[in-house]
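Biologist: I'm new to this one, and I'd like to learn how to read it step by step. Could you walk me through it?

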Amino acid sequence: MTTNLDLTDIQGNIIKAYGAYNFQKARYLFLRINNGDKGRQFVDAITAKVTTAIPWGKSENGDVAVEKPRVTTNIAFTYSGLEALELPTASLREFPDDFMMGMSKRKDILGDDGPSDPENWDKIWKEKVHIWISINAPDMDALIERYNWVAQQVEASDGGVTLLTGHRGGDDEENLPYQDASVLYDESGNPTPKEHFGYTDGIGDPVFEGQTNVAARVLGRGKLMRDGSWAPLATGEFLLGHVDEAMEYPKTAPSPMLLSRNGTYMVYRKLHENVAAFNRFLDEQSKSFSGSKEMLAAKFAGRWRDNGAPIVNAPDDASKDEWDKAFEAADFAGKKRMLTDFTYNNDLHGAKCPYSAHLRRINPRGSLEYGVKEAYETPGALVNRRRILRRGLPYGAVKDAARDDGNHGIIFMALNADIQRQFEFVQQQWINYANDFKEGNDKEILLGNHDTKHPSKAVLQVEPGSGKPPHFINNIPRLVETRGGDYFFIPSITALKLIAAGMVDPT
Amino acid sequence: MATKSGNATALTVLSPIKNGNLGETSFADITRERCLRLPIHEESPLAKVPNTYLARLFILDNVFYESLPANDSVFNFSDITSIFSDSARKKALPRKDTLKSKYLVFSSNFHGDLDTYLTGVWEKWSYIDHEGTQRDVRHIWEHCVAFDRVTDASSFIAYIKRCQLDASLFFNGSTDDSLQEQLKSLYLKQEFTKFAVEHQGKSASEIQQDFKAFIARVQPENLEGPTWQAGKSTP
């Protein structure tokens with residue numbers, strides 16, 4: 001029997017990537033609580049408008065469920081935010097260390113050094129950030145309407161909460177009161193699923209038990225089973241108060257159960273993209289590469305930039321043409337399947353998808369068995385507890401593709417039940433280190449914290465016995481820099497009401 | 001006893017520290033601070049002692065007391081008696097034991113035989129402490145019982161052997177080669193990687209030409225150098 005999620009109790013951003021519902025715009029606000037009582041009243045007011053995870057439009061049995069809203073709103077808190085809201089000490093002390101410390105103090109684990117050091121983050125991160133509020137909308141009008149409403153609630157709090165300023169903007173602003181994000185548009189103004197390096201983003205988030213329409217979506221997105229099939233991951237990997245992949249309740253849940261159940265943790269990161277460095281690096285490296293420039297770009301990410309084709313199934317320019325034809329001919333479900341349903345079982349040496357490619361590092365699927373027959377009980381034994389839900393949108397515009405500065409990148413959010421075990425592990429062990437991939441200390445090509453003092457390299461393997469030499473890419477510059485962020489707790493609707501009412505009672 | 005594994009030796013030394021104090025600081029605490037303040041990485045005195053794979057120093061303050069483990073399948077008899085009397089439960093528990101003194105523990109995995117290694121410890125162990133004073137191995141062991149009788153390499157070896165415990169389960173986490181060979185291999189691997197990256201796409205004749213120069217520079221047969229420095233953690 002599978003879990004049925006309490007979709008009316010779970011915040012919508014945990015279950016839905018709003019971008020997939022044509023919500024092209026987002027605005028992120030950060031606030032400080034100055035007074036516990038007034039702060040709780042503010043949370044109460046926001047809670048009334050918080051978007052839940054209930055399905056929009058017609059449900060599976062044809063009933064009309066809730067109408068798709070014009071705009072969504074979600075809310076989360078830092079540890080110091082929960083302190084400021086005067087949660088009982090007995091609840092506060094049960095939160096995990098990573099969340100209590102917050103992101104900037106975890107910089108050594110995350111590799112946030114040099115240009116990514118908290119010293120260089122947007123000014124807002126020097127403030128006491130307590131609350132995160134996100135607004136997603138299909139257009140700016142709806143977004144601004146809701147933003148103005150939030151601003152009114154701030155006003156009405158009578159000094160109880162302050163909307164913090166200090167976001168860097170695209171026109172040399174240093175002190176914006178919000179962080180905007182938006183899908184990128186093509187030349188004719190149509191929305192695209194691209195980010196600033198030109199890659200197609202947001203394909204294949206994990207699928208877990210209790211989500212709707214699991215059977216159709218689980219291929220390549222759940223956990224790989226021994227018979228080659230895919231099963232949804234355990235709910236407890238992404239929601240507190242539910243059983244996880246170890247058949248245990250996540251230990252990161254503070255008491256009372258009502259405070260933590262149906263909530264989760266969110267990692268918010270503003271990731272600047274050095275577009276000029278990326279383009280220069282790609283141009284330079286493709287000179288000595290035997291395939292096309294696009295093929296090399298695909299080797300960096302594990303997917304082709306134009307349509308997201310997984311390089312493991314389209315490993316060179318010729319096979320990409322074949323893949324594209326099949327993709328063109330496929331129906332909607334078939335296309336989805338071609339994008340997500342794959343393994344690295346036929347690519348043990350990384351000759352197709354390099355071990356340092358973004359895709360293979362953040363989700364190695366079954367490939368950490370290295371072809372050893374039944375090395376573990378299940379092919380995903382080393383992977384299933386390291387999965388994260390990814391949310392977010394690009395921000396800013398590239399005004400001058402020959403420059404790295406400016407304000408453009410990705411607002412990245414990772415959702416998981418255990419920040420240390422899931423997000424931080426992936427960041428530390430799989431992105432900035434490669435022992436698990438038998439690649440020494442080679443870093444992931446796109447996100448690794450490369451520095452010039454110890455130049456990074458990555459190996460693009462070839463099939464053994466093919467007679468071709470492997471291709472080395474070297475002197476990889478820092479392509480992505482952290483510009484800010486923190487760790488947040490996304491409570492359930494029930495928990496929000498308890499927090500707002502000052503009724504959290506762990507006894 | 002498996003004190004040896006191939007050419008590797010496991011050495012475990014427990015040297016009793018004198019009870020008593022200097023001023024208001026116990027000899028054990030003085031020794032502890034000296035251990036904690038040892039320089040690390042390539043500055044560590046252990047990096048200078050030939051053939052040290054991995055070594056550590058710490059103070060053993062006391063033995064740990066282990067009560068009866070919880071038992072899911074077969075319950076402990078004392079758990080039943082405890083229903084009637086707590087003293088009956090306590091009587092059934094293991095006896096609590098205490099050390100008569102604190103110990104300086106030195107454990108080292110190294111290549112080769114013990115006498116040669118300890119001669120190296122005696123002769124090569126040197127560092128400048130945090131106050132800028134040149135120190136040798138006697139500084140760490142100074143307050144250990146009877147260490148004042150150690151005057152030279154042979155009396156040091158005899159002293160350490162008296163304090164030595166046999167290893168019962170020795171897992172050698174290193175290869176069986178001498179440290180010099182391992183450091184040279186590490187160096188060669190790194191240099192060769194750089195060579196391969198730098199020569200990508202060049203003609204066979206050019207690579208061959210440069211490879212000769214590369215071999216002349218890195219001197220694969222010469223263990224003395226150029227090589228990776230013992231204890232060094234970053235390039």
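Modeller: Let's begin with helices and strands: they are DSSP runs, helices being H or I of at least four residues and strands E of at least two, numbered from the N terminus. In chain B, that gives nine helices and nine strands. Bear in mind that this is a predicted model, where local features need pLDDT of at least 70, side-chain atom pairs count only at pLDDT 80 or more, and totals for chains, interfaces and linings use all residues. Residues are numbered from 1 along each chain as its sequence is written, while chains are lettered from A and ligands numbered from 1 in the order in which they are written.

Biologist: What radius of gyration does chain B have?

Modeller: That radius is taken over C-alpha atoms, and the globule rule is 2.2 Å times the number of residues to the power 0.38. For 235 residues a compact globule would come out near 18 Å, but chain B has 25 Å. The C-alpha trace of chain B spans about 90 × 50 × 35 Å along its principal axes.

Biologist: Into which domains is chain B divided?

Modeller: Domain bounds come from an automatic or database domain assignment. Here we get domain 1 (4–63 + 98–165) and domain 2 (177–235). The C-alpha centres of domain 1 and domain 2 of chain B lie 35 Å apart. Nine residues from domain 1 and seven residues from domain 2 make the contact, where contact means C-beta atoms, placed from the backbone, within 7 Å.

Biologist: And how many residues of chain A are in contact with chain B?

Modeller: Five residues of chain A, meeting five residues of chain B.

Biologist: What percentage of chain B counts as buried?

Modeller: A residue is buried if 20 or more other C-beta atoms lie within 10 Å of its own, exposed if 12 or fewer, and partly exposed in between, with C-beta atoms placed from the backbone. In chain B, 17% of the 235 residues count as buried.

Biologist: Why does Leu296(A) count as buried?

Modeller: Because Leu296(A) has 21 C-beta neighbours inside 10 Å. You'll find Leu296(A) in helix H11 (residues 293–301) of chain A. Leaving aside neighbours within four places in sequence, its contacts are Leu282(A), Gln285(A), Ser286(A), Phe289(A) and Gly291(A).

Biologist: Which residues touch the most other members of the largest nonpolar core?

Modeller: In soluble globular proteins, nonpolar side chains tend to be buried together. A nonpolar core is a set of buried Ala, Val, Leu, Ile, Met, Phe, Trp, Tyr and Cys residues joined through C-beta atoms within 7 Å. The largest has 122 residues, and Trp132(A), Ile133(A), Met266(A) and Phe488(A) touch the most other members. Apart from it lies another core, of 26 residues, including Tyr117(B) and Trp122(B).

Biologist: Which residues of helix H5 of chain B are buried?

Modeller: In H5 (residues 114–124) they are Tyr117(B), Leu118(B), Val121(B) and Trp122(B). Down the axis of H5(B), these fall within an arc of 140 degrees, so they line one face of the helix; the arc is that of the directions from the helix axis to the C-beta atoms. Their cover includes strand S2 (8–16), strand S6 (103–111) and helix H7 (153–162) of chain B.

Biologist: And which exposed residues does H1(B) carry on the face turned away from its buried side?

Modeller: Glu33(B) and Leu36(B). The buried residues of H1 (residues 27–36) are Phe27(B), Ala28(B) and Thr31(B). They fall within an arc of 100 degrees, so they too line one face of their helix.

Technical notes
Two residues are in contact if their C-beta atoms, placed from the backbone, lie within 7 Å.
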